[in-house]
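User: I am new to this structure and would like a guided reading. Please show it, and then I will ask about its features.

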Amino acid sequence: MRTITVVGASLAGLYAARELRARGYDGRLVIIGDEPHPPYDRPPLSKDFLSGKAGEDQLALCDDEETDELAVEWLLGVRARGLDARGRSVLLEDGRTVVSDGVVIATGASARRLPGPSLAGVHTLRTLDDARALRTELAAGPQRVVVIGGGFIGAETASSCVALGHDVTVVEAAPLPLLPQLGPDMAAVCAALHARGGAELVTGTGVAALYGDASVRGVELADGRLLPADVVVVGIGAAPNTAWLAGSTLALDDGVLCDDGCVTGLAQVVAVGDVARVGAVRAEHWTSATEQPRVAVGNLLAGRTAETVRPLPYFWSDQYGSRIQFAGRRRHDDTVRILEGSTEEGSFLAAYEREGHTTAVLAVNRPRPFTRMRRGLPAAVPAAA
Amino acid sequence: MIPVCRLEDLPAGESVRVETTPPVAVFNADGEIFAIDDTCSHQDASLSEGWLEGCLVECPLHAASFDLRTGLPTCLPARRAVRTHRVSVDDGTIHVHLVAEEGSAA
Ligand SMILES: Cc1cc2nc3c(=O)[nH]c(=O)nc-3n(C[C@H](O)[C@H](O)[C@H](O)COP(=O)(O)OP(=O)(O)OC[C@H]3O[C@@H](n4cnc5c(N)ncnc54)[C@H](O)[C@@H]3O)c2cc1C
Ligand code: FES
């Protein structure tokens, strides 16, 4: 292969570029990214970056030395708008075309937004520019912040806002936040972190509308309640960035469909990270975005699916001074057992079990036993095609 | 020179965190004692809570691995070394000699 193009200049795209060079690919390597910034790390955006504990310099994913070594042709601040039917040329929004022998799709996901007109003071948190804007607004002094959505990013944002001295309310439409991820018992434990940390949690009611003129003044809930707000953060999940692939021949369904080796319907096109649905699963986890490129790049260079991913989902979250870690594949009717510590003391290790086997582990402030348990969990055996 | 604990209280495979500023992690790697800065050079995690295998410790947050002998990372996401500190065992007590104390700040 003489030219390989990576679309998406973030975590998964950078790991793919590293892997290509590590495997000895010495041809032309182009990385296209629509953000103007070189690759940066997103998890701190809702945590230490938002609370001011970490600066922008700590977000960079690659330093000057590595940038030189990778010898990449960076096309930043330009969006890819299409991939031709054979997957041989990437079309750019500015009219240019990058002809390629191999393509790595790493376009990630974008924050979902609420319908309706945009009001000042309403934010999402996915990009560095989002985080900068929110940080600037929060620096103006104590404010009433309403976070819509109690998922991990919403909870972390709420926690950072409390740490900055704001008055924070989290609104969650479901009876409890994180129910699908953690199940009712552990979701209740994590929900209690809000009250303990100093934020109010409103559950079981959706948002009817945001109100205000040019700037937001509050949130109207589906049950009629009005929550006054100076700042609203919408944390209602992310959607995979596949719109640019609409005219291609790739199969798209909540992500780019790939086999267990991250290979799409075209052998010279692979997909990695938040945008990729690998063997029927689309993860939005940092660790998946860093692990998949190894397999994807191996297969891209081999021209066929020679390796498959054996994922063991893992994610972490930091909120209100608690570190939550989760690994494995929980099913909705698994039972939960606390193995160490207690939920009251805010430090515990819990196992999800089914038929005598541990399917997943959850820890709050127990990193060491968590790692031990995580290492004992079986990785997924690829489903027979 | 900072006393850490009795040698017998740190069996092989175990680690302990010393609350200095910055904190230090002390390991018993199959009988050999090592000390490094406790905070991972990647982000905010305590290496004394990491997974010890031979002379390597794996960070509990994103699995960067560090060589206890040199402090150098052996894989991503860490790209910078952590400092190593000299260790001595006097009369059965482990002591850490912080590098800064010995006049070699790096
Ligand atoms: C605030 C926040 C906190 C998080 N915290 C955690 C955490 O604690 N733990 C955890 O496991 N995960 C966390 N995550 C998730 C983690 O950051 C993602 O899984 C990871 O960033 C995925 O990497 P990616 O490269 O696949 O996609 P992304 O990081 O989304 O990058 C995709 C890139 O492609 C660009 N792009 C999109 N379309 C195009 C196009 N057409 N042309 C060119 N470029 C394009 C995008 O602008 C973006 O720069 C967090 C995410 C956020 C936003
Ligand atoms: S904090 Fe240690 S690897 Fe990220």
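User: Which residue forms a salt bridge with Arg375(A)?

Analyst: A salt bridge is a side-chain nitrogen of Lys or Arg within 4 Å of a carboxyl oxygen of Asp or Glu. Here the partner of Arg375(A) is Glu53(B), and the closest N and O atoms are 3.9 Å apart. The rule finds four salt bridges across the interface of chain A and chain B. One caution on reading: this is a predicted model, where local features need pLDDT of at least 70, side-chain atom pairs count only at pLDDT 80 or more, and totals for chains, interfaces and linings use all residues. Residues are numbered from 1 along each chain as its sequence is written, chains are lettered from A and ligands numbered from 1 in the order in which they are written, and side-chain values use heavy atoms, with hydrogens and water left out.

User: How many residues does the contact take from chain A and from chain B?

Analyst: Contact means heavy atoms within 4.5 Å. Chain A gives 19 residues and chain B gives 19 residues.

User: What area is buried between the two chains?

Analyst: The size of an interface is often given as the accessible area lost when the parts come together. Buried area is that loss for two parts, taken with a 1.4 Å probe and summed over both. Chain A and chain B bury about 1,600 Å², with 46% from carbon and sulfur atoms. Arg323(A), Arg368(A) and Arg375(A) supply 36% of the area that chain A buries against chain B, more than any other three residues.

User: Which element gives the largest share of chain A's side?

Analyst: Helices (H or I, at least four residues) and strands (E, at least two) are DSSP runs, numbered from the N terminus. The rule finds nine residue pairs in polar contact across the interface of chain A and chain B, both residues at pLDDT 80 or more. A polar contact is a pair of N or O atoms within 3.5 Å; within protein, one must be able to donate a hydrogen and the other to accept it, and residues adjacent in sequence count only if both atoms are side-chain atoms. On chain A's side, the elements that give two or more residues are α1 (11–22), β21 (314–319), β22 (322–328) and α8 (367–376). The largest share, five residues, comes from α8(A).

User: How is chain A divided into domains?

Analyst: Domain bounds come from an automatic or database domain assignment. Chain A has domain 1 (3–110 + 238–302), domain 2 (113–234) and domain 3 (321–376). The centres of domain 1 and domain 2 of chain A, taken over C-alpha atoms, are 30 Å apart.

User: What joins domain 1 and domain 2 of chain A?

Analyst: In domain 1 of chain A, 19 residues are in contact with 15 residues of domain 2 of chain A. The two domains bury about 1,500 Å² between them, 58% of it on carbon and sulfur atoms. The rule finds three salt bridges across this interface.

User: Which residues are closest to ligand 1?

Analyst: A residue is near a molecule if one of its heavy atoms lies within 4 Å of it. In this model 34 residues surround ligand 1, and the closest are Asp34(A), Glu35(A), Arg42(A), Lys47(A) and Arg126(A). An N or O atom in the side chain of Asp34(A) is 2.4 Å from an oxygen atom of ligand 1. For Glu35(A), a polar side-chain atom lies 2.5 Å from an oxygen atom of ligand 1.
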